[in-house]
Amino acid sequence: MEPLTRIERQARPESMLLNMGPSHPAMHGTLRIMLELDGEKILNAECEIGYLHRGFEKTCENKTWFNLLIYTDRLNYVSPLINNLGYVMTVEKMMGLAVPERAQLIRVLMSELSRVSDHLTCLAAMAMESGAFTVFLYMMKAREYLWDVIEFTTGARMTTSYIRIGGVRADLHPEWRGSLATAIKETRKVLKDVSGLLDQNSIFLGRTRGVGVISREDALSYGWTGPCLRSTGIPYDVRKAHPYLVYDRLLFEVPVGEAGDNYDRYSVRMREMEQSLRLLEQVAALIPDAAPLPAGPVIEPAEAIRRSRRTRTAERIRLSPNLEGSEKDRLAGLTAAAPLASVPAKEDTYTTMEGLISHFLFFMRGKGIRPPKGDAYFSVEGGNGEVGFYIVSDGSDRPYRLHLRAPCFHIVSALEQLIRGRLLADVIPTFGSMNMIGGELDR
Amino acid sequence: MSGFDLLTTRLESALGWGRKFSLFHYPFITACCGMEYMSTACAHFDIDRFGAGLTRFSPRQADLLLVVGTITHKLAPVLKTVYDQMLEPKWVIAFGACSVSGGIYQNYAVVQGIDRIIPVDVYIPGCPPRPEMVLDGLLKLQDKIQHQKQDWRWARKT
Amino acid sequence: MGPENLIDAIRSSLGEAVLDVADSFGDAVLVIRADAVRPALAALREAPFDYALLLDLTCVDFAAAEGRFELVYHLYSLSRNVRLRIKASVPAGDPAAATLVGLWKNAEWLEREVYDMFGVRFEGHPDLRRLLTYEGFEGHPLRKSYPWRLEQPRIPLKDDV
């Protein structure tokens, strides 16, 4: 049979071909690395990706602008809110929407929570695959506290679809300050413990110092961004270079490394988590407490609908718990004022004719959000680097083309170079430090 | 009930008890559900309490195939190979909406449910399922294993 | 140089390769001739423009309406902190363009992805194969002519579930 892969065609007769993946504990999902080995030394390597290619871009051409938000969650699934944010900010750029300040602060809060979760998961997996299982358990514990904060507000731990075009879906949970403070405290404790376990651990250092080294020129040539680029010494962070939301008002540093090896990528992520926790505290201080809902009688929804057949109800309607935070009085501060930019308030939808019509106009195919014709690119700083969305709109109710600029696509394209010439065991920490996320890599 | 039947039902109970509390699982992880799998396996929700904590990354050593995440057509032959390499008795849990039915993806790239490729014992819906749901699915599988009947025809004297 | 001066400087440097200069929702866009893509981007990578990062390379299918595929390149200059979008159209009948392999290292995978999804051939690419779909997959999925739900299974699937 004709050898199909490049490595088979180029292999020397006396070397051994070893296949790692696609179903492999250290392959972070699904990546296939084919290695040509001479003993333990890697002579040649080839990566095969695409095992999680789920047709995201083609699907987005067939879904309305609002509906495809759920697919963006599943791109970089360890920091899903940041993908939501990238997409909605690109659409808002095209539509020229102004997002209220409170929604922007909440978006920053959610972004930083996602960023810390992303780094925790990356380092936990990298450490576990290098043998440090305790670090994995500690970091997963910290991640649970962060996910609790997200869950109380958005309703879901991971794939939330919370950040919507025009703002956010609902207000923060009433007890958010307490759960956020607990999460920050627990995460700081975990970071301190993990630092103590790994920073000067000779085994960890032996596996990561001087391993997987990339030069600055190569990193730029490969299009690296994010913590992996910053580990080589280049301080490019989209939050500082092209500030979006309220990042220009917040104080934080951008940690950089020097050598561009695995240890620097680990260390940059650890320090970035500390900076993210600092950002969380600042944002928490900036968000004012939500004004209490207006006092007065509260009626049940069924009663309100019955009454609305005759008159407009002036009383407040008690919404069900899953709609907590998206009451009509709150929504003005959480979504842009443009008509048909976001889901109308439920009270209006069920009790007034105009509300019902605007609800239909928002959701029906052929109607709804319509950005003007043209194309736009917007990027946010994701856990891996610059997450960019390039959207081409033809003025209809669905995108003409939606492309994700996936940061780990460029990072993983350098894997073959980083492991060539090294030992087999070096593949694991090198690949772990790159934080390959299949949903983002393969789209 | 004859003495033979009494013996076989007791043996089946014992086998079921032994098998259900010592499941070695092979997490065939692809996508987002992997994050909830990690949560389930770790300290907060702890799958090890149910005896299923030890992960075996070789299909030869595992008896429970946890298919976590979306299976694409590119990955389907790999899944079939891994399933075929497992030894009897083996069980399969479809973890997450994508492996149950293709989930939110219905396009050129995604297999609409792994039961088109391999037989499935327990389906855990969710996108992703909460760890409590995963544990509930595991308990249902344990129930199923406890009540599995063996084939005693070889031992009956006709 | 301010942003307008930068675009003017680029335009005068690239000469008649530039077909159009536009501003799309605040993004600077240059439309250039398809056969001038490689020399133009090579010039942009060097001083004084310094677009060191090839952020993205993708394609948009305008085959049905306008008979062309539009290749879109996003460049970023670290020293100036500006982005640039370059567009070049290739005819839909036989879409081919010059490769950027040799200028940027990530061009290899980016171009393989565009080939896989759209069928655009990149002349000079050392290893133009499918990247995200598999050997034996027929067609190019992101083309508008490819049906969204047309599955091509690799192994026989059971249909009666």
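Two strands are taken to pair if DSSP finds at least two bridges between them, and strands (E, at least two residues) and helices (H or I, at least four) are DSSP runs numbered from the N terminus. The model is predicted, so that local features need pLDDT of at least 70 and side-chain atom pairs count only at pLDDT 80 or more, whereas totals for chains, interfaces and linings use all residues. Residues are numbered from 1 along each chain as its sequence is written, with chains lettered from A and ligands numbered from 1 in the order in which they are written.

Chain A contains an open sheet of three strands in the order 1-2-3, with antiparallel pairing. Strand 1 (16–20) and strand 3 (41–48) form the edges, each pairing on one side only. Direction ignored, neighbouring strands of this sheet are turned by 20 degrees against each other on average. Strand 2 (residues 32–38) of chain A is joined to strand 3 of chain A by seven bridges in the antiparallel sense; within strand 3 of chain A, Ala45(A) is the residue opposite Leu35(A). In general, strands of a sheet pair through backbone hydrogen bonds, either parallel or antiparallel.

Helix 6 (residues 133–154) and helix 7 (residues 176–198) of chain A have axes that come within 9 Å and cross at roughly 165 degrees. Axes are lines fitted to C-alpha atoms, for helices over the stretch in contact, and angles run from 0 to 180 degrees between N-to-C directions. Helix 6 and helix 7 of chain A are therefore roughly antiparallel, a term applied to angles over 145 degrees. Their crossing is left-handed, that is, the near helix is turned anticlockwise from the far one by less than a right angle. Residues making the contact include Tyr138(A), Tyr145(A) and Phe152(A) of helix 6 and Trp176(A), Glu186(A) and Val190(A) of helix 7, contact being defined by C-beta atoms, placed from the backbone, within 7 Å. By class, this contact has 15 nonpolar, five polar and four charged residues; Ala, Val, Leu, Ile, Met, Phe, Trp, Tyr, Cys and Pro count as nonpolar, Asp, Glu, Lys and Arg as charged, and the others, Gly among them, as polar.

An automatic or database domain assignment is the source of the domain bounds; for chain A, it gives domain 1 (68–165 + 175–287 + 370–442) and domain 2 (298–363). Ten residues from domain 1 and nine residues from domain 2 take part in the contact, and the domain 1 side divides into six nonpolar, two polar and two charged residues.

Between chains, twelve residues of chain B are in contact with 14 residues of chain C. The chain B side comprises four nonpolar, four polar and four charged residues.

How values were computed
Angles under 35 degrees count as roughly parallel, over 145 as roughly antiparallel, 65 to 115 as roughly perpendicular and the rest as oblique. Two residues are in contact if their C-beta atoms, placed from the backbone, lie within 7 Å.
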